[in-house]
Amino acid sequence: MANKVQGVRGMNDVLPDDARYWAFFESTVQRWLHAYGYREIRMPILERTELFVRSIGEVTDIVEKEMYTFTDELNGEQLTLRPEGTASCVRSAIEHNLLYPGPQRLWYRGPMFRHERPQKGRYRQFHQIGVEALGFAGPDIDAEHLLMCARLWKELGLDGITLELNSLGSAEARTRYRAKLVTYLESRVGELDEDAKRRMHSNPLRVLDSKNPAMQAVIEAAPQLADDLDDESAQAFATLQASLRAAGLAFRINPRLVRGLDYYNGTVFEWVTDRLGAQGTVCAGGRYDGLIEQIGGKPAPACGFAMGVERLLALLVDGSAAVPETVPDAYIVRQGDAAMAYGEQVAERMRDAGLAVILHCGGGSFKSQMKKADGSGARFAVIIGDDEARAGLLTVKSLRVELEEGRQEQVRREQVRVPLSETCEIIKTR
Ligand code: ATP
Ligand code: MG
């Protein structure tokens, strides 16, 4: 045998046994977004590298070391597999003048790519559901986003996901704060790791985002952004907190929350859980009022968030949320020349009637076919031998194991021989 070709490290297959969790998640999410009036947008997975460098920022983990970037050999273009969706979504909205008629509520889904060290909850291909409100100044829309998230956790049956908030202030406020922070970091330069030393001058706020445990003491004692907020951001942040309190949504202010992408300003947030170890952030976002202008659009405020689908699914799978397996209605077993052809017709008629039907293929004894029928999870077996084919009838057998009330004894599986129309009737009504 030839060598196996392996999949790419950090990029996962979703196998059929797990696909039902994805389907349940996606259908719940679609209903939820519809309930808030968000419309889907689908962007390509590849973009020009420049888009991400300009939006996410040159001195960030993503742009410095996590992007899958390559040159298109055919025309020399620098391209990147998207590491996130906001930049693409904004690029598309600008390119197609989506904001011309007014603000837009948009959402997208799909794979994102970051060259990170693969571990539980951290992959090189992962999936996000992203929500963006373009052209909205807030803070009413920020409140909408947070209440939306809370509702989704409820609809997914997830608890223990808590909200952390911070405000990064305006660009000017950040410049003031930045100067203070640099002075502080210089005073403790001996305790900084290599990354922090390098970023201290190019992008000091990133230092606060460090995941290095050895850096946490320095970060804890750093001056706080909250003390330097501009009036407008402070006012918006206060109004947002008031509406969350009025809605009964609990939150915690986390002054260290700075987010790993440069385009954020004003209110930012993360939804976190302690059930996923180090990869506890399941959803994150905030305002990015400068981004649209920064990548060539007419200035307009905006905010949004993205959730990590794999992390939410991990909670869903080991939580108590019951996700039903979808099973076929019937499995058709057939043997003999007449039965083979008749089986095909029967299967198509049953599907016309709206039933989900597996037609046995590949031959074999009735006994082995019945085993397959049992294993398929189908509710009924439809049995076709030459007798049935000649008479134009079908033998229908319930495959459900039913226990008679109060007794640990299996009820004899009922079996009837009936015409096609009655077969469909039986299967539909039981
Ligand atoms: P983290 O701090 O965990 O690296 P991040 O701040 O880089 O996350 P964002 O860019 O804000 O993440 O992406 C939003 C969400 O996407 C995250 O909160 C997380 O749930 C998910 N996510 C980000 N990177 C990965 C990854 N490599 N694998 C799986 N999920 C991810
Ligand atoms: Mg990251």
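**Close-up 1: Tyr-68 and its neighbours across the strands.** In strand E4, Tyr-68 has Leu-81 as its bridge partner. This is a predicted model, in which local features need pLDDT of at least 70 and side-chain atom pairs count only at pLDDT 80 or more, while totals for chains, interfaces and linings use all residues; side-chain values use heavy atoms, with hydrogens and water left out. Residues are numbered from 1 along each chain as its sequence is written, and chains are lettered from A and ligands numbered from 1 in the order in which they are written. Strand E3 (residues 68-71) pairs with E4 in the antiparallel sense over 4 bridges (strands pair if DSSP finds at least two bridges between them; helices, H or I with at least four residues, and strands, E with at least two, are DSSP runs numbered from the N terminus). The two make a hairpin with 6 residues between them, and Gly-76 in the turn has a positive phi of about 80°.

**Close-up 2: E4 also pairs with E2.** Strand E2 (residues 46-48) runs antiparallel to E4 (residues 78-81), and 3 bridges join them. Look for Glu-47, whose bridge partner in E4 is Thr-80.

**Close-up 3: H1 packing with H5.** Helix H1 (residues 16-35) meets helix H5 (residues 140-155) at an angle of about 140°, their axes 10 Å apart (axes are lines fitted to C-alpha atoms, for helices over the stretch in contact, and angles run from 0 to 180 degrees between N-to-C directions). That angle makes H1 oblique to H5, given that under 35 degrees counts as roughly parallel, over 145 as roughly antiparallel, 65 to 115 as roughly perpendicular and the rest as oblique. From H1, Phe-24, Thr-28, Val-29, Trp-32 and Leu-33 meet Met-148, Cys-149, Arg-151, Leu-152 and Glu-155 of H5 (contact means heavy atoms within 4.5 Å).

**Close-up 4: An open sheet with mixed pairing.** Here 5 strands line up in the order E13-E12-E14-E15-E16. At the edges sit E13 (357-359) and E16 (415-418), each pairing on one side only. From one strand to the next, the twist averages 25°.

**Close-up 5: E12, E14 and the helices on the sheet.** Strands E12 (residues 330-334) and E14 (residues 380-384) run parallel, joined by 5 bridges, with Ala-330 opposite Phe-380 in E14. Helix H13 (residues 337-352) packs on the sheet and touches E12, E13, E14 and E15 (394-398), its direction making about 165° with that of E12. Helix H14 (residues 366-375) lies across E12, E14 and E15, at about 170° to E12.
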